[in-house]
Amino acid sequence: MSDGSPGLVSSSSSGSWVSSLVSDSSGAQPSCSLEGPAINYTAFFSGLLSAIGGFLVFLSYILFKRLRSPPRALVTCLSFIDMLQGLFFCTVMIQPLTYDTPWCSLFAVFGIYVAVSSFFWTSCVGFYVFVHVYRLYSFQTNSNRAYDSINTRKTEVMVVFFHIISWGVPAVLCIVIMGFGVEGESGDAPWCFIPFTAYKWRMSYYLPLILNMVFAFIVWILTMFLLLRLHRTTRARYEPLSRLLASRALLIKLSLVPICFIILRLPGVIYRFDEFVSDDIGDFFCSYGYICLMTMTDASQGTVMFLLFVLFNDSCRTSYIDLITCTQCRKKGITHVQKKPDYQTFG
């Protein structure tokens, strides 16, 4: 990476702890470069599909009032941030043109913010599902008749904390990074990020990722265990439980969000782990095919959200089909009435 990369603190005061923290090894060179035409095109098209997919999930919440529910609202927040992350990857063609300019710093901060926010939103969705599955299980075993009134208030408080954590923590992280000036040209990738030489600061990005992956995996295991127990005891004793058990399909679909997040991020985490623990990245992880795979999976969460909550969601898919094909029906005053989806009773 060039010495004039934006955001790096001047090395004139070589004895300063700030300087040593920002630039850990000024002469270091990346052992494996992520740059190349195939990687650029992979990032661009993967980001484009992710942005479109996230936008369609976000748009469905705005257009179709009958789809609005607490779990769908969380999915919409996650899809919105995935859409922004997809747009970030769409700019890989122009980001190298901004090196040594303030625009590169802005691209870097934007990319870090949307990525870290996506990590936290994914964990929040997984935790939300776990809490409701646990309440279903507790309701069935303990016959808690106050389920609806009490847990609705608890859910509202929990969702407020989700927003504070998922929007606030990434903002604080980006403010700290900007304060120390460690954002700018990556040096080993075709986009603006934390420079390769400031590898300690890169942990401020990868540590939340790894922690959220571990948390999401634990929550997913517990959720699957409780769903299995619920499956074995499906006979409900009270009507509220019967309505909630009817939404088990949505619970299962929502529980796929954290495991998909883990699968998509795993190639990148393996690559970076190998980078941090060894001086030289292995030939397999440094191969063009693996790097393209890693780039594609990092930029594809919005696409997965589209598949789960639009394409493979009967209510949402039908609503979009109606919106596209029933223009003449609406002009004639004919309204296509559908049964309210089961997941309106969930959450």
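This is a predicted model: local features need pLDDT of at least 70, side-chain atom pairs count only at pLDDT 80 or more; totals for chains, interfaces and linings use all residues.

Colleague: Okay, how many helices and strands does the protein have?

Modeller: The protein has twelve helices and two strands, where helices (H or I, at least four residues) and strands (E, at least two) are DSSP runs numbered from the N terminus. Read from the N terminus, the order of elements is α-α-α-α-α-β-β-α-α-α-α-α-α-α.

Colleague: And what share of the residues counts as buried?

Modeller: Of the 347 residues, 49% count as buried, and buried means under 20% relative accessible area, with exposed being over 50% and partly exposed in between, using a 1.4 Å probe and protein chains only.

Colleague: Which cysteines form a disulfide?

Modeller: Cys104 and Cys192 do, with their sulfur atoms 2.1 Å apart; the rule asks for a pair of cysteine sulfur atoms within 2.5 Å, and the count comes to one disulfide. Cys104 belongs to helix α4 (residues 102-142) and Cys192 to strand β2 (residues 192-193), so the bond ties together parts that are 88 residues apart in sequence.

Colleague: Why is that disulfide called left-handed?

Modeller: Because the torsion about the S-S bond of Cys104 and Cys192 is about -115 degrees. Both Cys104 and Cys192 are buried.

Colleague: Changing topic, how many residues does helix α11 have?

Modeller: Helix α11 (residues 314-325) has twelve residues and reaches 16 Å from its first C-alpha to its last, close to the 16 Å expected at 1.5 Å a residue, where the expected span is 1.5 Å times one less than the number of residues.

Colleague: Which residues of α11 are buried?

Modeller: Ser315, Cys316, Ser319, Tyr320 and Asp322 are buried in α11. Seen down the helix axis, the buried residues of α11 fall within an arc of 160 degrees, so they line one face; the arc is that of the directions from the helix axis to the C-beta atoms. The face of α11 turned away from that buried side carries the exposed residues Ile324 and Thr325.

Colleague: Now the rings: how many aromatic pairs are there?

Modeller: The count comes to 18 aromatic pairs, and rings of Phe, Tyr and Trp (its six-membered ring) pair if their centres lie within 6.5 Å, with planes under 30 degrees apart counted as stacked, over 60 as edge-to-face and the rest as tilted. One of these is the edge-to-face pair of Phe88 and Phe89, at 5.6 Å centre to centre and 80 degrees between the planes. Phe88 and Phe89 are both buried. Ring pairs also link Phe119, Phe193, Tyr205, Tyr206 and Phe261 into a cluster.

Colleague: Last one, is Ser50 buried or exposed?

Modeller: Ser50 is buried, with a relative accessible area of 2%, and Ser50 lies in helix α2 (residues 37-63). A polar atom of the Ser50 side chain lies 2.9 Å from the backbone nitrogen of Gly302.

Definitions and conventions: Residues are numbered from 1 along each chain as its sequence is written. Side-chain values use heavy atoms; hydrogens and water are left out. A polar contact is a pair of N or O atoms within 3.5 Å; within protein, one must be able to donate a hydrogen and the other to accept it, and residues adjacent in sequence count only if both atoms are side-chain atoms.
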